[in-house]
Amino acid sequence: AEGTLPENGVSGKAGPKIQFDTPVYDFGRISAGVVVKHSYTFTNVGDQQLIITNVQPTCGCTAAADWSRVVEPGNIGTIPIQFNSANFSGSVTKMITVVCNDKTQPTVHLQIKGTIWKPIDVTPAYAVINVPPESEGGSATIKILNNAEEALTLGVPVVNQPGFGMEIKTNQPGKEYELVVSTVPPLKTGNVQAEIKIPTSATNTPTIT
């Protein structure tokens with residue numbers, strides 16, 4: 001009959017219920033360093049007050065302080081998010097976990113995704129050389145890829161710490177290079193860190209660090 005409740009005696013709207021318009025935001029293709037801002041919109045489709053107790057983004061994302069904490073039935077709330085793309089490249093997907101008092105889904109996972117473009121990709125940005133006690137040394141290879149149309153030339157690399165030798169190899173002129181970093185005896189014991197700078201012909205990235 002019309003108006004009859006389900007067998008459990010509870011209507012579909014009972015309690016607070018969170019419903020996002022779009023749980024996934026694709027920011028498309030951007031240049032590294034751009035800060036992406038987006039507000040996720042949700043509605044309390046339940047019949048009791050919806051309380052958002054926490055918003056937990058993953059690395060690279062931050063939640064603005066003014067996200068909606070209490071939303072009455074039928075009302076709309078927002079969760080503003082910022083993503084700083086400076087330290088990322090390639091395809092990226094980040095998760096944001098929303099914790100609320102909706103008993104049917106106390107945690108909701110939102111996504112922000114897209115592709116980050118860098119004029120010059122350096123992989124890995126942080127290279128590690130592990131030298132066992134019995135060995136004479138070690139080396140690491142860093143790949144340098146030019147994504148711009150303009151041909152890239154590299155200058156002489158400079159390191160701020162003795163004990164490292166460097167050699168640039170050309171895989172594809174103007175496009176793809178390798179930097180081979182090797183240890184130079186006598187080796188120091190313990191952890192030694194160094195910063196390498198390579199001058200380039202690119203106007204948007206005059207130095208690779």
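Phe27, Phe83 and Phe88 form one aromatic cluster. The model is predicted, so local features need pLDDT of at least 70 and side-chain atom pairs count only at pLDDT 80 or more, while totals for chains, interfaces and linings use all residues. Residues are numbered from 1 along each chain as its sequence is written, and side-chain values use heavy atoms, without hydrogens and water.

Three aromatic pairs occur in the structure. Rings of Phe, Tyr and Trp (its six-membered ring) pair if their centres lie within 6.5 Å; planes under 30 degrees apart are stacked, over 60 edge-to-face, and the rest tilted. Two of the pairs are listed here.

| Pair | Centre to centre | Angle between planes | Type |
|---|---|---|---|
| Phe27 and Phe83 | 5.7 Å | 25° | stacked |
| Phe83 and Phe88 | 5.3 Å | 45° | tilted |

Phe27 lies in strand β2 (residues 24-31) and Phe83 in strand β7 (residues 76-84), so their pair ties together parts 56 residues apart in sequence. Strands (E, at least two residues) are DSSP runs, numbered from the N terminus. Both Phe27 and Phe83 are buried, that is, under 20% relative accessible area with a 1.4 Å probe, protein chains only. Phe83 has 1% relative accessibility; Phe88, at 18%, also counts as buried.

Elsewhere, an open sheet of four strands runs in the order β10-β11-β14-β13 with antiparallel pairing. Its edge strands, β10 (120-123) and β13 (164-172), each pair on one side only. Strands pair if DSSP finds at least two bridges between them; β11 (residues 139-146) and β14 (residues 176-183) have seven. Ile142 has Leu179 in β14 as its bridge partner.

Methods. Buried < 20%, exposed > 50% of the residue type's maximum accessible area, 1.4 Å probe, protein only.
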